[in-house]
Amino acid sequence: QVQLVESGGGLVQPGGSLRLSCAASGRGITVYTMDWYRQAPGNERELVAGITRDGTTNYADSVKGRFTISKDNAKAVYLQMNSLKPEDTAVYYCKANVRSIVTLLRGDYWGQGTQVTVSS
């Protein structure tokens, strides 16, 4: 069973910073891509940033220059968020595309989400 656990959310003032973490766990899995999505009440869930196996990154236009996605060898992904704005307020979700060595099946898995609130 694949599990994704996010952490690092919280309340921050405009212009502040937060660093989100997401760890993928599960025996015999290969992680191909990891992405961060966010969803605010009344809004569509949107892709914030993504990273591939070879380290290629992509960002939503709204966060370019402010957010940085990275990963390590322990199947973890991070989102460094700087210069935060009130419109960044949302629940942030980690998504991983994973292949199981047992079933040979590949699919998407989602974390439970972590709340980020940017407010004075």
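These legends describe close-up views of a predicted model.

Local features need pLDDT of at least 70 and side-chain atom pairs count only at pLDDT 80 or more, while totals for chains, interfaces and linings use all residues. Residues are numbered from 1 along each chain as its sequence is written, and side-chain values use heavy atoms, without hydrogens or water.

**View 1. An open sheet of four strands.** The strands stand in the order E1-E3-E8-E7, with antiparallel pairing. Strands are DSSP runs (E, at least two residues), numbered from the N terminus. Two strands count as paired if DSSP finds at least two bridges between them. Strand E1 (3-7) and strand E7 (67-71) are at the edges with a single partner strand each, so one side of each has no neighbour in the sheet. From one strand to the next, the twist averages 15°. Axes for such angles are lines fitted to C-alpha atoms, and angles run from 0 to 180 degrees between N-to-C directions.

**View 2. E1 against E3.** Five bridges pair E1 with strand E3 (residues 18-25) in the antiparallel sense. Leu4 stands opposite Ala24 of E3. Val5 stands opposite Ala23 of E3. Ser7 has Ser21 of E3 as its bridge partner. E1 also has two faces: Leu4 and Glu6 lie on the covered one, and Gln3, Val5 and Ser7 on the uncovered one.

**View 3. E3 against E8.** E3 and strand E8 (residues 76-81) run antiparallel, joined by six bridges. Cys22 has Val77 in E8 as its bridge partner.

**View 4. The largest nonpolar core.** This core holds 30 residues, and Met34, Trp36, Leu79, Met81 and Tyr92 touch the most other members. Such a core is a set of buried Ala, Val, Leu, Ile, Met, Phe, Trp, Tyr and Cys residues joined through side-chain atoms within 4.5 Å. Buried means under 20% relative accessible area (1.4 Å probe, protein chains only). E3, E4, E5, E7, E8, E9 and strand E11 (114-118) each give two or more residues to this core. E9 gives the largest share, five residues.

**View 5. The largest pocket.** About 200 Å³ of space lies here. A pocket is an open set of points on a 1 Å grid over the protein atoms alone where a 1.4 Å probe fits, with protein on both sides within 12 Å along at least five of seven lines; lining residues have an atom within 4 Å of a point. Its volume is the space filled by probe spheres set on the points. There are 13 lining residues, and Val31, Arg53, Lys71, Asp72 and Lys75 lie nearest the centre. Strand E4 (29-39) and strand E5 (46-52) each supply at least two of the lining residues. E4 gives the largest share, five residues. The lining divides into five nonpolar, four polar and four charged residues. Asp, Glu, Lys and Arg count as charged; Ala, Val, Leu, Ile, Met, Phe, Trp, Tyr, Cys and Pro as nonpolar; the others, Gly among them, as polar.

**View 6. The second largest pocket.** Its volume is about 160 Å³. Among its 13 lining residues, Gln1, Val2, Ile29, Ser100 and Tyr109 are the closest to the centre. Strand E9 (90-100) and strand E10 (106-110) each supply at least two residues of this lining. Five lining residues are nonpolar, five polar and three charged.

Key. Buried < 20%, exposed > 50% of the residue type's maximum accessible area, 1.4 Å probe, protein only.
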